[in-house]
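Here are a few exercises to work through with the model open beside you. Try each task before reading its solution.

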Amino acid sequence: MKKRSGGLVYSTEQGRMCPECRNPVNQCDCRTPASPAGDGIVRVSRETKGRKGKGVTRVTGVPLAGPELKALAKELKARCGTGGTLKDGVIEIQGDHRDLLVSLLSAKGWTVKRAGG
């Protein structure tokens, strides 16, 4: 993406202006996260690497972004009854909950595969 130097930062007609897209800040669309591009398959896997033997279930490839993905992570953690996190578009749920997560995600209408062992 090409950086622009200078330009209109404030206008008395519309208030603050975005230096990237030159629209008013409340109408700026250049900072909204786009949906992640993928192959359309949600993958559910288990990983223990770097966790001292403790396993986590990773959910990757979910076609959501921003607050929708965060809400899905919260819902999955609640349904599994465990903790977890959302890192770089990957949902991590503590413990091995692959079977439950596959059924929950396929009920939402996505193509879901178990990845790994």
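**Exercise 1.** Find the salt bridge between Glu-92 and Arg-58, and say which parts of the chain the pair links.

*Solution.* Step 1: the side chains of Glu-92 and Arg-58 form a salt bridge with an N to O distance of 3.7 Å; the rule asks for a side-chain nitrogen of Lys or Arg within 4 Å of a carboxyl oxygen of Asp or Glu. Step 2: Glu-92 sits in strand S6 (residues 90-94) and Arg-58 in strand S4 (residues 56-60), so distant parts of the chain, 34 residues apart, are linked. Helices (H or I, at least four residues) and strands (E, at least two) are DSSP runs, numbered from the N terminus. Step 3: check the accessibility, where buried means under 20% relative accessible area, exposed over 50%, and partly exposed in between (1.4 Å probe, protein chains only). Glu-92 is buried at 9%, while Arg-58 is partly exposed at 21%.

Before you go on, note that this is a predicted model: local features need pLDDT of at least 70, side-chain atom pairs count only at pLDDT 80 or more, and totals for chains, interfaces and linings use all residues. Residues are numbered from 1 along each chain as its sequence is written, and side-chain values use heavy atoms, with hydrogens and water left out.

**Exercise 2.** How many salt bridges does the rule give, and where do Lys-108 and Glu-75 lie?

*Solution.* Step 1: the count is 6 salt bridges. Step 2: one of them joins Lys-108 to Glu-75, with the closest N and O atoms 3.3 Å apart. Step 3: Lys-108 is in the loop between helix H2 (98-107) and strand S7 (111-114), and Glu-75 is in helix H1 (residues 67-80), so the pair ties together parts 33 residues apart in sequence. Step 4: Lys-108 is partly exposed at 40%, and Glu-75 is partly exposed at 33%.

**Exercise 3.** In what order do the strands form the open sheet, and which strands are at the edges?

*Solution.* Step 1: 5 strands follow the order S5-S6-S4-S3-S7, with mixed pairing; two strands pair if DSSP finds at least two bridges between them. Step 2: the edge strands, each pairing on one side only, are S5 (84-87) and S7. Step 3: S3 (residues 41-47) and S4 are antiparallel over 5 bridges, and Arg-46 stands opposite Thr-57 in S4. Step 4: S3 and S7 run parallel, joined by 4 bridges, with Arg-114 in S7 as the bridge partner of Val-44.

**Exercise 4.** Which strands does H2 lie across, and what does His-97 touch?

*Solution.* Step 1: H2 lies across S3, S4, S6 and S7, at about 165 degrees to S3. Axes are lines fitted to C-alpha atoms, for helices over the stretch in contact, and angles run from 0 to 180 degrees between N-to-C directions; contact means heavy atoms within 4.5 Å. Step 2: His-97 is in the loop between S6 and H2 and is buried at 18%. Step 3: not counting residues up to four places away in sequence, His-97 touches Thr-57, Cys-80 and Thr-82.
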